[in-house]
Amino acid sequence: MQNILIKKKDIASPEFFYEVLHRTPVILAVKSMDGLEKSILGGGRLMFVLFGDILSIPGIVAKIKDAGKIALVHIDLIDGLTSRDIVVDFIAENTRADGILSTKTNLLKRAKSRGLLAVQRFFVLDSLSLLNIEKQFPLDYADAVEILPGVIPKVIRRIVKIINKPVIAGGLVSDPEDVRQVLEAGAVSVSSSNMELVSALKLKGF
């Protein structure tokens, strides 16, 4: 049986990631094995992994990479992993992931030191949380930022103006009009687990 724990040197560079990101209006965020299979067949070039555990994550990533796609793992959501730097080492050495998403600065910095892509995830809960987020800019350790919820164009527009990083809108984006509004606000892409949204956007020429 093939050993999926052997890492291949096929990690996407930041430059290639930016290129793909700007050509991907919807990043499919997969939350289950069923969703993974459907996303591989019908999704774009870039996928976020929001499920799995320490045993299954190498195989999940391998499926995505074997399909010729870029795989970023939301490391905070993988069962059996902690918030210590060594979990990034595990992802780097035992999977073929191109990078990680996380809310934790130390993990993202570790990811960059290991040659992985790093996407900082922020939750904007109120005005105070937005101010606290802005204090952390310019985020030299991150390749992009993801803002949740992503259906607040005013917030997206404000963040885009003050950070020189690609901004991804995630959470509660449910229809093509939501996508249009956040892209017009300056986001380069949205992340969603809704496959129907991808199909609807294709019909509209996105």
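Colleague: Are F122 and F137 buried or exposed?

Modeller: Both are buried, a label that calls for under 20% relative accessible area, with over 50% counting as exposed and anything in between as partly exposed (1.4 Å probe, protein chains only). Keep in mind that this is a predicted model: local features need pLDDT of at least 70, side-chain atom pairs count only at pLDDT 80 or more, and totals for chains, interfaces and linings use all residues. Residues are numbered from 1 along each chain as its sequence is written, and side-chain values use heavy atoms, with hydrogens and water left out.

Colleague: How many aromatic pairs turn up in the whole structure?

Modeller: Two. Rings of Phe, Tyr and Trp (its six-membered ring) pair if their centres lie within 6.5 Å; planes under 30 degrees apart are stacked, over 60 edge-to-face, and the rest tilted.

Colleague: Why is the F17 and Y18 pair called tilted?

Modeller: Their ring centres are 6.0 Å apart and the planes sit at 50°, so tilted is the label. F17 has a relative accessible area of 0%, so F17 is buried. Y18 comes out at 28%, so Y18 is partly exposed.

Colleague: What about β4 and β5?

Modeller: Four bridges there, again parallel, with β5 spanning residues 117–123. S102 has Q120 in β5 as its bridge partner.

Colleague: Which residues show that both faces of β4 are covered?

Modeller: G99 and L101 on one side, I100 and S102 on the other, all buried, in a strand covering residues 99–102. In a regular strand, side chains alternate between the two faces of the sheet.

Colleague: What do the strands build overall?

Modeller: A closed barrel of eight strands, β1-β2-β3-β4-β5-β6-β7-β8, with parallel pairing.

Definitions and conventions. Helix = DSSP H or I, 4+ residues; strand = E, 2+ residues; numbered from the N terminus. Pairing = 2+ DSSP bridges.
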